[in-house]
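Hi,

Here is the structure I promised to send over. Have a look at it first, and then read on for what turned up.

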Amino acid sequence: MKNFFVFLLFFATANAFDFLGFEVNSPFGLAPCPASLSEGITVYARNGCDILTYKTIRSQPTDIHPTPNIFNVYAPNQLEPTDFFSSILTIKESTQNRTWANSYGIGCAPLEQVEQDIKKAKRALHPGQVLIVSIYGQQSENKTLMQDFVDLALFAKQAGADIIEANLSCPNLIGTTQFLYQDSGRVLELCSALSAALGATPLLLKIGFVPKDEALTELLTTADQGGAQGIVSMNSFPMHVFEPITKTAAFGPLRTQCGISGNAIRNLALAQIERITRITRDNNLNLVTIGAGGVMNAAHVRQFLKAGALAVLSATGLMANPELGNTVAERLKT
């Protein structure tokens, strides 16, 4: 609630606010998504998005999953916590609900190309805008998981990232049954290594849904102890998606699990922001919260700010309406 009134005062009296040490025009921007390469960031930066996240990168060139990668899904009601990892049926025809099932994986070009594209994205920013780069580390024969995360963070920083987001929650990698954000010991190790390597560059953790307050408290406390500056909550919601007639997996037998984004996850996302706000306050944690999940219009942005988010990001809403940033900027001034 405090952040919401701070922003009302800001829009009435000033042209910028402090976002992790950066003077930014507005508390709204772009979450990592297929559209958040340099070309998309150029468009969204021009259309009122001031916090822009470059899509998640990884150290090795990786293809996205084969098509199809996205379906409209039939979700007439807001999803509930009990829907976590449950099933939903797809519907391809209607787009009115604006709830999507996504199965892209984490595709990435060779890092030489990524470096040039991040630099291009950075050049596309206007005064009062900031670039976050999302990273995803992985263990290999030559590197530990932690070292790969650190190397990627330093690479992104050198390429032009103002802020680093460690993606600990991608829901549509084949075989994923547990996410890194669910392991507090590894989160502490990762945050400590990244914060030591990044120095003054802010570190955010991108998390998914956390059903229980005890687990969320442990995660937030660990992130704070490890030196993270903030939490991005939440990633798309993991579910199993099937065709309505054949009852077969919509994305194929190897990809029964995917991420649900858009309208139907908003209540879950808002409730988690409220829980994070309460837990960080009650435990005196030095973390900011960036809200995401089902943000489709300016009214939703206000809801997330009122719930305690310092800033709000959108993917599905901006992909459906590239002008949303301009609308949000105008509405937040009134």
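What volume does the largest pocket have? Keep in mind that this is a predicted model, but the computed answer is about 800 Å³.

**The pocket**

There are 46 residues lining the largest pocket, and the closest to its centre are Pro 32, Cys 33, Pro 34, Lys 55 and Tyr 104. If you sort the lining by residue type, you get 25 nonpolar, 17 polar and four charged residues.

Which strand gives the most to that lining? That would be β4, with four residues; β4 covers 51-57. Other elements that each supply at least two lining residues include the helices α3 (111-123) and α9 (316-320), as well as the strands β9 (163-167) and β15 (311-314). β7 and β13 are on that list too, and they lead on to the next bit.

**The sheet**

β7 and β13 both belong to an open sheet of five strands with mixed pairing, in the order β5-β7-β13-β12-β6. The edge places go to β5 (70-72) and β6 (87-89); each has a single partner strand, so one side of each has no neighbour in the sheet. From one strand to the next, the twist averages 45°.

How do β7 and β13 run relative to each other, parallel or antiparallel? They are antiparallel, with four bridges joining β7 (residues 99-102) to β13 (residues 257-262).

Cheers

Methods
Residues numbered from 1 in each chain as written. Predicted model: local features only at pLDDT ≥ 70, side-chain atom pairs only at ≥ 80, totals over all residues. Heavy atoms only, no water. Pairing = 2+ DSSP bridges. Axes fitted to C-alpha atoms, helices over the stretch in contact; angles between N-to-C directions. 1 Å grid on protein atoms, 1.4 Å probe; cavity = no way out; pocket = protein on both sides within 12 Å on 5 of 7 lines; lining within 4 Å. Points joined across faces, edges and corners; volume = space filled by probe spheres on them. Nonpolar A, V, L, I, M, F, W, Y, C, P; charged D, E, K, R; others polar.
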